[in-house]
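Subject: Structure for your review

Dear colleague,

Please find below the structure that I am handing over to you. My notes on selected residues follow it.

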Amino acid sequence: MQTLIDFFATTGFAALFSDWRGPVMIVVACILLYLAIVKKFEPLLLVPIAFGMLLTNLPGAEMYHSELFAGGHVDWANFESTGGLLDYLYLGIKLGIYPSLIFMGVGAMTDFGPLIANPKSLILGAAAQCGIFVAFLGALGLSSVFPQLGFGNAEAASIGIIGGADGPTAIYVTSKLAPHLLGPIAVAAYSYMALVPVIQPPIMKLLTTDKERKIVMEQLRPVSKTEKILFPIVVTIFVSLLVPSAAPLVGFLMLGNLFRESGVTDRLSKTAQNELINIVTIFLGVSVGATAKGETFLQPQTLTILALGVFAFGFGTFGGVILAKIMNLFIKKPINPLIGSAGVSAVPMAARVSQVVGQKYNPKNFLLMHAMGPNVAGVIGSAIAAGVFLALFS
């Protein structure tokens with residue numbers, strides 16, 4: 001009997017209820033798995049994130065040790081003796097490897113032709129990033145009223161980047177500036193990306209008139225192969241010189257696009273689009289989920305981050321639509337303001353939402369390619385915003 005008692009003491013069941021936060025996080029992980037599998041909310045990322053959250057909160061598993069990364073530094077001296085599997089996988093996030101590789105895959109899958117054909121859409125993509133800075137200021141304002149939230153410049157910047165609707169960028173910035181908030185920020189970023197078709201249409205309809213939603217845009221001009229090859233090279237040079245901190249994200253995004261457009265690296269392009277991005281997505285998701293331990297996730301900051309995240313996302317949609325309406329006051333060929341909402345960088349979902357809403361009001365409206373311009377511009381814009389924050393606060 002004593003042997004059985006001793007054995008039970010070594011199991012996770014004995015420690016399961018020693019801290020109420022562990023069981024709660026296991027329930028939260030199961031809820032996220034339900035949303036990903038049954039409701040199909042960003043399943044490719046939410047499944048590994050939720051499962052990583054499950055693994056890290058199982059008592060006795062010792063797969064992730066947040067103390068090894070305390071203070072923003074890796075405790076290499078104790079890593080070999082105490083590091084678990086998820087600690088090693090998390091190094092890919094801590095060192096900025098996974099987000100950059102995912103950006104390379106995104107670049108290989110992205111056609112920048114609509115942006116090149118209509119450079120004005122770059123402005124719409126930039127306008128949609130206003131949600132990032134509004135949320136940044138909002139987090140600082142809340143922290144000044146409620147000091148217990150503990151949001152300094154680094155934390156506020158990490159929260160604000162949720163407004164870019166770009167999960168890898170949010171993870172990259174947070175891992176550098178506020179790694180203790182990585183779990184809730186990643187969950188918020190990917191949850192709101194999945195809810196684009198729910199969040200955006202009411203805002204788009206509120207800000208536009210029936211006449212504006214029916215605006216038909218002319219077909220985009222053809223883009224030459226030379227333009228498509230030069231674009232990633234020129235953007236990499238310009239952005240890296242303007243905001244050096246953005247070079248890892250923008251550089252790998254454009255490298256992937258160069259694989260796609262050069263015509264001489266088809267194998268590399270296909271690998272970046274498929275096998276590589278899928279493998280890195282698994283590692284990234286599980287590693288992010290591992291940071292969502294009960295003692296760090298179940299805090300007042302988490303609910304505040306979720307609220308600020310949806311506010312940032314909504315304000316980004318607002319910024320893109322309003323700027324399109326303002327541009328129509330000064331240009332001869334009007335822009336359908338609905339494409340401004342695609343400036344958030346949830347590619348290509350936000351562009352599809354513009355297309356769906358536009359066709360509801362005018363079945364002859366084909367806005368998808370026009371919306372892809374601000375959509376891919378938003379990817380570049382969010383990476384630049386990330387570089388600005390890193391330059392200022394890292």
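I begin with the surface. Leu230, Ile233, Val234, Ile237 and Leu241 together form a nonpolar surface patch of about 490 Å². Please bear in mind that this is a predicted model. One member of the patch, Leu241, lies in helix H16, which covers residues 225-242. Leu241 has a relative accessibility of 70% and therefore counts as exposed, the cut-off for that class being over 50%.

The side chain of Asn375 comes to 2.9 Å from the backbone oxygen of Val344. Once neighbours within four places in sequence are set aside, the residues in contact with Asn375 are Ala342, Val344, Ser345, Ala346, Val347, Pro348, Ala350 and Ala351.

Helix H10, made up of residues 130-145, contains Ser143. With a relative accessible area of 11%, Ser143 is buried, because that value falls under the 20% limit. Apart from neighbours within four places in sequence, Ser143 is in contact with Leu149, Gly150 and Phe151.

With kind regards

Definitions and conventions. Residues numbered from 1 in each chain as written. Predicted model: local features only at pLDDT ≥ 70, side-chain atom pairs only at ≥ 80, totals over all residues. Heavy atoms only, no water. Polar contact = N/O pair within 3.5 Å; in protein donor to acceptor, adjacent residues only side chain to side chain. Contact = heavy atoms within 4.5 Å. Patch = residues over 30% accessible without salt bridge, like charges linked within 9 Å, V, L, I, M, F, W, Y side chains within 5 Å. Areas by Shrake-Rupley, 256 points an atom, 1.4 Å probe, with all protein chains shown as cover. Salt bridge = Lys/Arg side-chain N within 4 Å of Asp/Glu carboxyl O. Helix = DSSP H or I, 4+ residues; strand = E, 2+ residues; numbered from the N terminus. Buried < 20%, exposed > 50% of the residue type's maximum accessible area, 1.4 Å probe, protein only.
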